[in-house]
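Please examine the structure below with attention to its pockets, one of its sheets and the confidence of the prediction.

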Amino acid sequence: MLSPILFALATAATPDTVAVQTAYATEPYALIAPYQTEERNFNGKTFDVKDALADNERLATADVPTPLTLRKGDALGGGDYAALRVIKFSLTAERFTKVKLDVKTLANHKVFIDGTDQTGKDILLEPGKKTVTMLALTKKEDKDSFNVSIIGEHAAALTVNAEGKHPYSMADMSLGENIYSVSLSRKGTYLITSYYSTKPDGSGVYRTVLTETKSGKELRRVEGVPTWKWLTNREAFYFTRNAAKGKELVTFDPATGREEIMAQGLPEGSYTLSPNEDYIIINKSTNGDNDKTPSLKKLRQPDDRMPGWRSRNSLYKYDFKTHALTRLTFGEQSVWLNDISSDGRSLLLSFNHFDPTKAPFDRKTLVRMDVSTAKVDTLLCDTTFISNAKFTPDGTALLISASPAAFGGIGAEVKAGQTPQAFDYRLYLYDRWAATSGQRATATSTSKPPTAATKASSASIPRRCAWRKSSCP
């Protein structure tokens, strides 16, 4: 005899059973018998109509119309041929729960939850809405019918075929199509938009579209995310591709649809074309040194745990007229090109270094380089919380994307003593020459206008350094 406690536990664990009263289905697809040259195939297997279930698994994710309404007990068999149907219904859960699908009177079927095969498996539901798709194969002699139940400890709390709104879920945030990047042409005539779609298995599909902004007309579409970059002084973009003579630089004019080859046989690397289209800056990566003992790794800093951390980026200039390749940067740190001035004479470069003695540990230096002499002028040194920087159109100042905590917190809008979100970027206007004359740098993208309280003194913005594994002087 069970004790009262054990009896209570057994009673509490009794699962709920919820019958699916209604589902939606496609018209039956007739499965005709194939032409057979022999009774058995090369592997000695005879033909089995049930193979159609595996052959048609893609229907579980296809957007097929389901005009028929099935009710519990409706017959599915009969007809002159074997038939395949797609049956769908939804389950909405308010809590995490585990259930099973009990299919009583349907001999040949597969079950998919949001496109994933869950036939014969426990179904793990999280708060939100799930689509159940069944592939049902019936033979003409079968007496199959629609009789499906959900069995689980909290199945009674599920809603079958809920209408209207549903709980916001991780799938709503991560699945479906999203914008990956956008880029406008110089005059805003054309737009390059890259999209990505996340599938239930976590993989992604990318596509890129060129459109005319005024009419919305699609001019070009490719798979993936190509490196299309707009030219500075005309309504065209450029890209690179492999050819018989090596890499070539190609421009594309959306107005005419014509391509033009600008250069061939280019060195390896990624490229940025100058505004005057007379040279390119090339990023070239080199692998860092490896430890002599493969089984023992000495970490230079915490990020050295990451694959590829020891690779370093250097910049080169390739001149179209002379075809000469000139190294512009050399050293222990990776140096990156942030921008080229509109006249093509100056480069905005940046590099980072790690300082474990003071937080924040990652520190960025920005320099302006004369492209003809490679001489540099330090604009910002050992600055923290900076993400990216560009020249203003006239080249006299910088537009900087950075955290609200950058530049002494001039972009912060939180109360005193609070720490702003590091990735809630602001746009800053930094006038290096104004700062030297005692004026201030300002944040341009806060929700309130700059005041005396949202300006930083030039003394708080280090400007010059010769970096040698130490802080700026």
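By class, 11 nonpolar, 13 polar and four charged residues make up the lining of the second largest pocket; Ala, Val, Leu, Ile, Met, Phe, Trp, Tyr, Cys and Pro count as nonpolar, Asp, Glu, Lys and Arg as charged, and the others, Gly among them, as polar. The model is a predicted one, in which local features need pLDDT of at least 70 and side-chain atom pairs count only at pLDDT 80 or more, while totals for chains, interfaces and linings use all residues. Residues are numbered from 1 along each chain as its sequence is written, and side-chain values use heavy atoms, with hydrogens and water left out.

A pocket is defined on a 1 Å grid over the protein atoms alone, as an open set of points where a 1.4 Å probe fits, with protein on both sides within 12 Å along at least five of seven lines; lining residues have an atom within 4 Å of a point. The second largest pocket holds about 840 Å³ of space, the volume being that filled by probe spheres set on the points, which are joined across faces, edges and corners. Of its 28 lining residues, Trp230, Thr232, Thr272, Asp339 and Lys390 lie nearest the centre. Strand β25 gives the largest share of this lining, five residues; strands are DSSP runs of E, at least two residues long, numbered from the N terminus.

The largest pocket has a volume of about 1,200 Å³. Its lining comprises 45 residues, with Gln301, Gln333, Asn352, His353 and Phe354 nearest the centre. Elements contributing two or more residues are β22 (279-286), β23 (312-319), β26 (346-354), β27 (362-370) and β29 (386-391), and the largest share, four residues, belongs to β26. By class, this lining has 14 nonpolar, 19 polar and 12 charged residues.

Elsewhere, four strands build an open antiparallel sheet in the order β1-β11-β6-β9, two strands being paired if DSSP finds at least two bridges between them. Because β1 (16-19) and β9 (123-125) stand at the edges with a single partner strand each, one side of each has no neighbour in the sheet. Four antiparallel bridges join β1 to β11 (residues 148-152), and Thr17 stands opposite Ile151 in β11.

Confidence remains to be considered. The protein averages a pLDDT (the predictor's confidence in each residue, from 0 to 100) of 85, and 87% of the residues score at least 70. Over residues 435-440 the pLDDT is below 50, and it stays under 50 over residues 449-473. Where pLDDT is low, the predicted coordinates should not be read in detail.

Notes:
Contact = heavy atoms within 4.5 Å.
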